[in-house]
Amino acid sequence: MAKVAPSEDAIDRYDPAAIEPRWADEWERVDLYRAREDSPKPKYYCLDMFPYPSGDLHMGHLEAFTGGDVIARYKWMRGFNVLHPIGWDAFGLPAENAAIARRIHPKEWTYANIEQQARSFKRIGMSFDWSRNFNTCDPDFYRWTQWLFLKFHEAGMAYRRSVAVNWCPHDKTVLANEQVVNGRCERCGTAVTKRNFPSWFLRESDYAQRLLDGLDELPGWSDHIKTIQRNWIGRSEGADVVFTIDGRDESIEVFTTRPDTLWGATFMVLAPEHPLAHALVHGTPREAAFAEYLERVKARTEIDRLALGKRKEGLDSGARAINPVNGEHIPIWVADYVLLEYGTGAIMAVPAHDERDGEFARQEGLPIREVIRPKEGAVDVQSEPYVGDGFMVNSGPFDGTPTPGGIPKVIDWLEEQGLGTRSVRYRLRDWNISRQRYWGCPIPMILCDKDGEVPVAMGELPVLLPDLEDYSPTDSGQSPLAKKTDWVNVTCPACGGPARRETDTFDTFVDSSWYFFRYAGPTAEAWADREKVEYWMPADHYTGGITHATGHLIYSRFFTKVLHDVGLISFDEPYPELLNQGMVIMGGSAMSKSRGNLVTPGEIVGRYGADCARVTMLFAGPFEADVDWRFNTAIAKLMMLTNEIADARDASDADLGEAVGALVRMLNPMAPFISQELWLRLGTEGYVQRADWPVADPALIKVDHVTMVVQVSGKVRDKIDVPADIGEEQMKERALASDKVRAHIDGREVVKTVIVPPKLVNLVVR
RNA sequence: GCGAGAGUGGCGGAACAGGCAGACGCGCAGGAUUUAGGAUCCUGUGGGGCAACCCGUGGGAGUUCAAGUCUCCCCUCUCGCACCA
């Protein structure tokens, strides 16, 4: 029962500062939002994207978390057993930078911010179950991040290889793709370069098709975000075709979506880093030129590539390939417009029918041959590639075949002849999870010269992140952890010989790919409490920013599918309903310190109170255009009810009491403090959060009179009050009896009458 | 360039399923109260017109008794991806 008495001084004046903190304390004291696993009610898991503790809460947090909180509170009142948890995404680079700048431990900085954010959450009335709160930088949590990684490794889903990564020469660290904006480091603005490091990967691309198919089972996701994910995964259908190399044993496999243009392949192109590229020039007079070229390509920053207007740079290897469909000998080039990571890292170039190949062929003077002709008119492919439909020419047995219908026919033929196979490729790459940073979860692997990559025994977890004297990054491209030799040097678990720990830490998106499982049983002596996970998951609702469309929201789906496949869970989509909030705009642009338009939730709450901040956020506009939650219309309806109650001078005290009671209950999800205060003052016992949502009585809603709109030829001419159960004949009679209506049909013939009982009559006149 | 979404008063934005466009709020105007300002309350508020009426949901066509809503073309803006073969 509520122990807080109404404060006398706040009776005539709205004084949020007097009301709100008292209730916040009270709710915490009685643990009002504690979720239970033994409830007979249906469960409802209301999940919010957990915050990164980079400082206090900002307006984006206020909006997103208020949205989630309204849903949680509403579901609670509708009789659900609600789980509404909170935690912190507590690893990340800003903590390291703060440590270097302020000479404090990253942990100190992080925990201070978490405390501040937790205080702010309580102050704005979030209905969190605080007993389940955790931080990803706590060894009790990251122990299981490491454990899950080992499960991935065990299942063959994790591997290590050397690869070109984004490198910021100023911050001396690797950057994730999402931290590179227009070729520059998101934080310091320095042009990013590529460097080669060995990195750990998860085989996300193996799950491309499942991630694509799974989207069809997510009706509670907006089409917008599903489209973004489909484009990101980027499925392409086509064929793999093998070209042999003249005078050598090796061959080149290419992927093409246009096998119908095979006869127009006049040269081939390998990515500069393609292993065969070096092999082809090795020991030839071109080797030196190639080495120089490769250096130049690698040194090019992203900025250079964009600034040069995507000018393609290439080099003839001197070798010749044989086109399997016509036996032609064609030159093999190396050029930077072909990407090693996509397809096979090599292409057949069809300059007559591909923009990029055409541009390169004209630049280098390579031959161009037309093999697709438009059905009408003609195109000079020597000056402009033709990429549209048409029919095949100069294509041996396929001459005259219409296309794109010819594509499957050519693939069938290639398979019969043993020259190629039907193939599907995806744009989605494997996920590089290595970061050369200190403040992250250590990767639990040991590198041994003899045994290679040896996992740390699961029983030895966690591999604790050691304290350092100096967190500064180095030019070496190694994590600061590499300097901690007494931590790095270990004995190999396999051979007992000398070995080294992996010094990279996980991308923090690894932590956030599974945190939502942990809420089900945050103290479990396992990665999660299996029984509780099966009870609460999948989450019924997920709230967070659409900025995570191609990152977190794919990573976590991927994780869930792998956990399903290794038998840890029974389902394979983590959250079938997703709500993406928009950005908080001030004066036409996003709020930021640098724009000087930053308003903090703290200022708003301090001046106007938390309820006011919440309701303003919800009323300002739609949370997201595509989803059915229209908080602003909900508030508009409550305003109408308030106006009705204020105007109802004749109503009995009992009726007024009932109306106000309903209003207060419906206000609770949005403005929990004032509604609780008013609930108490109405003389009602307990917490409004525990009250039932008001139920409308259809018998009372039923109206006996409605406004009938009368149109003449589609234009509104009169509005007449009529009984709700009026019949069509009577409607027509009443319409024709109207002077205003008669004035418009006078002297004309009514040729048609459309009647929608009981609200509309349309008399069509000629 | 490719893909997706959005254009409604001075502003934020409503409009279930094709059936009264502009809910609700902000702002503004007039009035009440007040020494004044602020706050509060009442009334009005898409444009034109004294009025009857006419016009009006980015522009243009179309379907329909009826279009903000459906179809086609165009314009503008936002977002996502961007040498992905």
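A: The account below covers the chain as a whole, then the helix contact, the nonpolar cores and a sheet.

This is a predicted model, in which local features need pLDDT of at least 70 and side-chain atom pairs count only at pLDDT 80 or more, while totals for chains, interfaces and linings use all residues. Residues are numbered from 1 along each chain as its sequence is written, and chains are lettered from A and ligands numbered from 1 in the order in which they are written.

Chain A has 25 helices and 32 strands; these are DSSP runs numbered from the N terminus (helices H or I, at least four residues; strands E, at least two). The C-alpha atoms of chain A fill a box of roughly 100 × 85 × 50 Å along the principal axes. Of its 766 residues, 38% count as buried, that is, with 20 or more other C-beta atoms within 10 Å of their own, these atoms being placed from the backbone.

The contact in question joins helix α2 (residues 59-77) to helix α19 (residues 610-620): their axes come within 10 Å and cross at roughly 90 degrees. The axes are lines fitted to C-alpha atoms over the stretch in contact, with angles from 0 to 180 degrees between N-to-C directions. Helix α2 is therefore roughly perpendicular to α19, a term that covers 65 to 115 degrees. Leu62, Glu63, Thr66 and Val70 of α2 meet Ala613, Arg614, Met617 and Leu618 of α19, where contact requires C-beta atoms, placed from the backbone, within 7 Å. By class, this contact has five nonpolar, one polar and two charged residues; Ala, Val, Leu, Ile, Met, Phe, Trp, Tyr, Cys and Pro count as nonpolar, Asp, Glu, Lys and Arg as charged, and the others, Gly among them, as polar.

In the largest nonpolar core, of 113 residues, Tyr45 and Cys46 touch the most other members. Helix α2 supplies the largest share of this core, nine residues. A core is a set of buried Ala, Val, Leu, Ile, Met, Phe, Trp, Tyr and Cys residues joined through C-beta atoms within 7 Å. Leaving aside residues up to four places away in sequence, Tyr45 touches Leu83, Trp536, Met537, Ala539 and Asp540. Apart from this core lies another, of 47 residues, including Ala239 and Val381.

Elsewhere, an open sheet of four strands runs in the order β4-β3-β7-β18 with antiparallel pairing; pairing requires at least two DSSP bridges. Strands β3 (158-168) and β7 (193-202) pair over 10 bridges, and Val163 has Phe197 in β7 as its bridge partner.

Notes: Parallel < 35°, antiparallel > 145°, perpendicular 65-115°, else oblique. Contact = placed C-beta atoms within 7 Å. Buried ≥ 20, exposed ≤ 12 C-beta atoms within 10 Å, placed from the backbone.
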